[in-house]
Amino acid sequence: MLVQRAYVYRLEPTPEQETFLSQTAGACRALYNLALEQRSQWWRPGRSINLKSQSHELTDLRDQVEWMRAAPVHALQSALKDLDRAFLNFFAGRAGFPRFKRKGDGDGFHLKDKAYLGFKRLNRSKGAVRLPKVGWVKLRGWRPLCGELRNVTISKRGGHWYAAVAWQAEVADPAPSPLPPVGIDRGVAIFAACSTGDNHIAPPFFKRIETKLANAQRVLARRIKGSARWRRQKARIAKLHSIAANARRDFLHKTALAIAKNHGTVGIERLQVRNMSRSAKGTVAEPGKNVAAKAGLNRSILDKGWSTFRTLLAYKLADRGGTLIEVDPAYTSQTCSGCGHVSKQSRKSQSEFECVACGHTANADTNAAINILNRAVGYTVSARGSNRTSGRKRELSEMEAANAN
């Protein structure tokens, strides 16, 4: 199978290299905005403005504008391709109309010409990446690529420059994992409750910076927009967000890896996170109810990173021959894992579950995780308490017995 990955490294550029990276990001941003203006305002019937026509005009633009000519041509071409992709997503209904880019908001560029790219190790803890018109730029940390270098994406976050080095390799398909299955219930109080009884508790990433962030935003509100002090304060706020994001990403990677190493089949709920975290503010004519409480819940949901966790878990399982199965989340928290009876009265509290039909008691999140596992492996429990096991369940049971022996 074809494996495609990207390793992210923090760059340690010299002052001259950092200046060139900023200038290249600025040139790509200016070209993107100019091309967007051309497509949205210069369009006329019978005149086609597309990626091909704008790529031809880029050649003339670079001949006329010196600072545009100083940027790597492949970075500029990638900016036009990004805009073309944004329009394709808009016309397909997958995204809104493309917006103009602002300085300091997602600065970066793509480099895809492998002839001008390179990657090497300098010493035990450092490496370097070669970029066109820049040369070798030092990397903090070292992790070797496991395949052929494909492209490099340069970005700036929290005051630091990063390089996402993409590679691909053709490897043999992994053997199916013989490890036992598990069901996982994702929640706010308990990030991941497993059907085995194990719980993964997520640290309060946002609450760690909430007070400092609120103070920093108050200071920003008193600054003159666009001034030097305003830009410095914006950088401090971005750094706070970066601290929380880095801690969240580290936790999600470690949790997903621990689960993938110990289980072959993982069942999770098919959650629509975007809908679950939608604002309850409503409109002026029909204002929402409990808006503040819903806003707090939305922050907690987004702070956990459920969607990112699902993505990480999927590829970590696939690398080890495992399988991720998403199931319908309906009534998993109200269904008794012992007899199959469904009742919202059985959920006594956030952590207590007591079936009103058979009296079965369990931790509410663990009970939901067991229901998720049963749906994932095709195992059902009737309301009368009799069990019906599918072929997939019998296969997993035999696999567990073989491992035990």
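Select Asp319 and Arg5 to begin: their side chains meet in a salt bridge, with 2.7 Å from N to O. Now colour the elements around them. Asp319 sits in helix α9, residues 306-319, while Arg5 sits in strand β1, residues 2-12, so this pair ties together parts that are 314 residues apart in sequence. Bear in mind that you are looking at a predicted model.

Why can two such side chains pair up? Side chains of opposite charge can do so when their charged atoms come close.

Stay on Asp319 and show the surface. Is Asp319 buried, exposed or partly exposed? Its relative accessibility is 34%, so Asp319 counts as partly exposed.

**Second stop: Asp107 and Arg29**

Select Asp107 and Arg29. They form a salt bridge, and their closest N and O atoms are 3.1 Å apart. This pair links distant parts of the chain, 78 residues apart. Find Asp107 in the loop between α4 (73-91) and β2 (108-111). Then find Arg29 in helix α1, residues 15-41.

Asp107 has a relative accessible area of 15%, and because buried means under 20%, Asp107 is buried. Arg29 is buried too, with a relative accessible area of 15%.

Keep Asp107 selected and show what surrounds it. Which residues does Asp107 contact, leaving aside its neighbours within four places in sequence? They are Ala25, Arg29, Arg102, Ile154, Ser155 and Lys156. Arg29 is on that list, and a polar contact of 3.1 Å joins its side chain to that of Asp107.

Move on to Lys114 and Glu148. Their side chains meet in a salt bridge, 2.9 Å from N to O. Where does each partner lie? Lys114 is in the loop between β2 and β3 (118-121), and Glu148 is in strand β6, residues 148-157. The pair therefore ties together parts that are 34 residues apart in sequence.

Check the surface once more. Lys114 is partly exposed, with a relative accessible area of 37%. Glu148 also counts as partly exposed, at 39% relative accessibility.

**Last stop: a network**

Finish by selecting Glu12, Lys126 and Arg140 together. What joins these three residues into one network? Salt bridges that share partners do.

Note on methods: Residues numbered from 1 in each chain as written. Predicted model: local features only at pLDDT ≥ 70, side-chain atom pairs only at ≥ 80, totals over all residues. Heavy atoms only, no water. Salt bridge = Lys/Arg side-chain N within 4 Å of Asp/Glu carboxyl O. Helix = DSSP H or I, 4+ residues; strand = E, 2+ residues; numbered from the N terminus. Buried < 20%, exposed > 50% of the residue type's maximum accessible area, 1.4 Å probe, protein only. Polar contact = N/O pair within 3.5 Å; in protein donor to acceptor, adjacent residues only side chain to side chain. Contact = heavy atoms within 4.5 Å.
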